[in-house]
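Biologist: I would like a close look at a single part of this model, taken slowly and with its surroundings in view. Here is the entry I have in mind.

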Amino acid sequence: MSSKFLGKSLAQLNAEMGTTPDISVLTGTERVVVKPIPLVQISPNPDQPRKIFNETELQDLAESIKEKGVLVPIILRAVQDKPYLYEIVAGERRYRAAKMAGLSEIPALVKTLSDKNAMEIALIENVQRENLNPIEEADGYENLMEKCGYSLEDVSKLIGKSTSYIRNLMRINSLPESVKQLIIEGKISASHARTIAVSENPEQMAHDIINNNMSVAETQKKVKNSNRSKQSRNLVKSTLDAKYVEKIESKLSKHFDANVKLHEKRGGAGHFIISFENRIQMEDLINKLSK
């Protein structure tokens with residue numbers, strides 16, 4: 001493309017070149033279509049990890065879009081049984097800012113994705129590019145584990161972070177909502193939150209951190225010298241060893257001739273997820289489970 005087009009918005013290119021044609025790109029076995037999609041045909045993804053959008057940052061992005069256009073297409077997938085509607089897989093900030101900027105359409109990659117793949121892409125983009133707050137990030141990991149049957153190790157490989165990092169972050173979700181709000185507002189850090197998650201009274205601990213301007217080291221010392229929650233003790237006692245979980249999953253996968261995942265929740269509860277690839281395998285599983 002000529003250098004005179006670089007940095008121009010979609011509207012400017014339309015004015016100079018006419019209607020922007022769809023661009024079809026072959027990636028592996030899938031043909032991905034890049035085209036302008038009307039904003040009225042797009043809806044947010046209910047499983048989007050990011051729940052909070054900074055209005056000031058959105059306004060700044062909207063001003064940039066007014067000047068330069070949307071330079072990076074968002075990713076969409078068609079809504080099942082509604083071929084003219086699309087759901088956002090990645091790029092909700094750009095979508096919101098485009099609406100604020102007064103655009104009627106936005107460039108998008110339209111991909112064919114399963115619910116599982118859509119959740120993976122949304123989480124990866126947000127974790128790697130969007131700076132999620134710790135609560136949103138922990139929710140994203142739990143969502144993948146609960147809805148897609150991922151193990152801790154699966155999530156670790158997917159996002160490129162250690163299992164200990166993910167496990168410690170997910171401990172934050174056991175905190176009371178009032179403490180989570182303090183994390184979202186930036187009044188206490190994720191490190192503070194992970195530390196007080198095992199205490200008997202995390203709310204009081206959180207306010208002590210704020211009122212006394214306590215460091216993480218000071219918080220750790222105070223938690224160590226205080227009572228720990230029963231929930232924390234139960235979690236430590238009941239957490240299954242990763243190798244043992246892998247052994248169980250392997251044994252059941254062979255028995256059912258299907259992919260089986262074990263997800264243990266806090267306190268020892270949990271569930272198995274058995275996946276099937278077609279109706280024949282589903283009927284075979286029903287017969288085996290019925291017996």
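Leaving aside its neighbours within four places in sequence, which residues is Val155 in contact with?

Modeller: Bearing in mind that this is a predicted model, Val155 is in contact with Tyr141, Leu144, Met145, Tyr150 and Ile166, once its neighbours within four places in sequence are set aside. Val155 belongs to the largest nonpolar core, which has 31 residues, and is listed there among those with the most contacts inside it, together with Tyr141, Ile172, Leu175, Ile188 and Ile196. The elements that give two or more residues to this core are α4 (115-130), α5 (134-148), α6 (152-159), α7 (163-170), α8 (177-184), α9 (190-196) and α10 (202-212), and of these α5 gives the most, with six residues. A second, separate core of 19 residues includes Ile37, Ala62, Ile74 and Ala101.

Turning to the packing of helices, α5 and α7 meet at an angle of about 110°, their axes lying 9 Å apart, which means that α5 is roughly perpendicular to α7. The C-alpha atom of Arg167 is separated by 9.9 Å from that of Arg194, a residue 27 residues apart from Arg167 along the chain.

Terms used: Residues are numbered from 1 along each chain as its sequence is written. This is a predicted model: local features need pLDDT of at least 70, side-chain atom pairs count only at pLDDT 80 or more; totals for chains, interfaces and linings use all residues. Side-chain values use heavy atoms; hydrogens and water are left out. A nonpolar core is a set of buried Ala, Val, Leu, Ile, Met, Phe, Trp, Tyr and Cys residues joined through side-chain atoms within 4.5 Å. Buried means under 20% relative accessible area, exposed over 50%, partly exposed in between (1.4 Å probe, protein chains only). Helices (H or I, at least four residues) and strands (E, at least two) are DSSP runs, numbered from the N terminus. Contact means heavy atoms within 4.5 Å. Axes are lines fitted to C-alpha atoms, for helices over the stretch in contact, and angles run from 0 to 180 degrees between N-to-C directions. Angles under 35 degrees count as roughly parallel, over 145 as roughly antiparallel, 65 to 115 as roughly perpendicular and the rest as oblique.
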